[in-house]
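Biologist: I'm new to this one. Can you put it up and walk me through it?

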Amino acid sequence: MIVALIIACEVGFWVLLAAGLGLRYLAKMPRLGAAVLLCEPLLELVLLVVTTLDLKNGATPDWKHGVAALYLGYTVAYGHYTVKWLDGHAAYRLAGGPKPAGAGHGRARAVHEWKLWVRTVVAAAVAMGLLEAAIRYVGDAGDVSSLTSYQGAALRIVGIHGVIAVCYTIWPKKAPAGAEPERVKAGPRV
């Protein structure tokens, strides 16, 4: 049941996102579109509650609970960023808004990758916190080895993403020939 719910939450995320952006830009109903977009966190809340109830009702902690924690961590750290990124692209494509800035090249790209890495650290921290809460909740009554292995997976993800950020720092992505050099812009955090 947990796997089906994770899939349903992921599909629901994209359906709500498409509906919200469609209402906002195609149907010219920005308030209703924003209201639909604000419903997305409810999906994660449902997943958290159902996963907790599953463990409370005596389910053996396994990979499904680990994946649910990783998914929740990812959506906490990257959910708003994803919505904002797609909203900018929808405004550009569907409503004639300004073209969204890309990740850039050189130092600007390296800074962008480090900001994304910080989001990955937040995602891992949320996932590890949820997994730790589940481990303590189950206690000595059950085998929690699968949950602890997912804590290790979260740390490996942080490490791999850190290596990617280091690579962009050491070997920066070069701008295409003839392009203006980009500067790191001060502004809102991504």
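Modeller: A term to begin with: helices (H or I, at least four residues) and strands (E, at least two) are DSSP runs, numbered from the N terminus. Residues are numbered from 1 along each chain as its sequence is written. This is a predicted model, where local features need pLDDT of at least 70, side-chain atom pairs count only at pLDDT 80 or more, and totals for chains, interfaces and linings use all residues, while side-chain values use heavy atoms, with hydrogens and water left out.

Biologist: Which elements does the chain have, from the N terminus on?

Modeller: They run α-α-α-α-α-α. That is 6 helices and 0 strands.

Biologist: What box do the C-alpha atoms fill?

Modeller: Roughly 65 × 45 × 25 Å, taken along the principal axes.

Biologist: How much of the chain is buried?

Modeller: Buried residues make up 36% of the 190 residues. Buried means under 20% relative accessible area, exposed over 50%, and partly exposed in between, with a 1.4 Å probe and protein chains only.

Biologist: Which residues have the most contacts inside it?

Modeller: Among them are Ile6, Phe13, Leu17 and Tyr71. Contact means heavy atoms within 4.5 Å.

Biologist: What is leucine 17 in contact with?

Modeller: Leaving aside neighbours within four places in sequence, leucine 17 is in contact with Leu37, Glu40, Val83 and Leu86. There is also a second, separate core of 9 residues, including Leu55 and Tyr150.

Biologist: New topic. How many disulfides does the structure hold?

Modeller: It holds 0. A disulfide here is a pair of cysteine sulfur atoms within 2.5 Å.

Biologist: Is cysteine 9 buried or exposed?

Modeller: Cysteine 9 counts as buried, because its relative accessibility is 2%. Cysteine 167 is partly exposed, at a relative accessible area of 31%.

Biologist: And how many positive and negative side chains?

Modeller: The chain has 19 positive and 12 negative ones. Lys and Arg count as positive and Asp and Glu as negative; His and the chain ends are not counted.

Notes
Charge placed at Lys NZ, Arg CZ, Asp CG, Glu CD. Core = buried A, V, L, I, M, F, W, Y, C linked by side-chain atoms within 4.5 Å.
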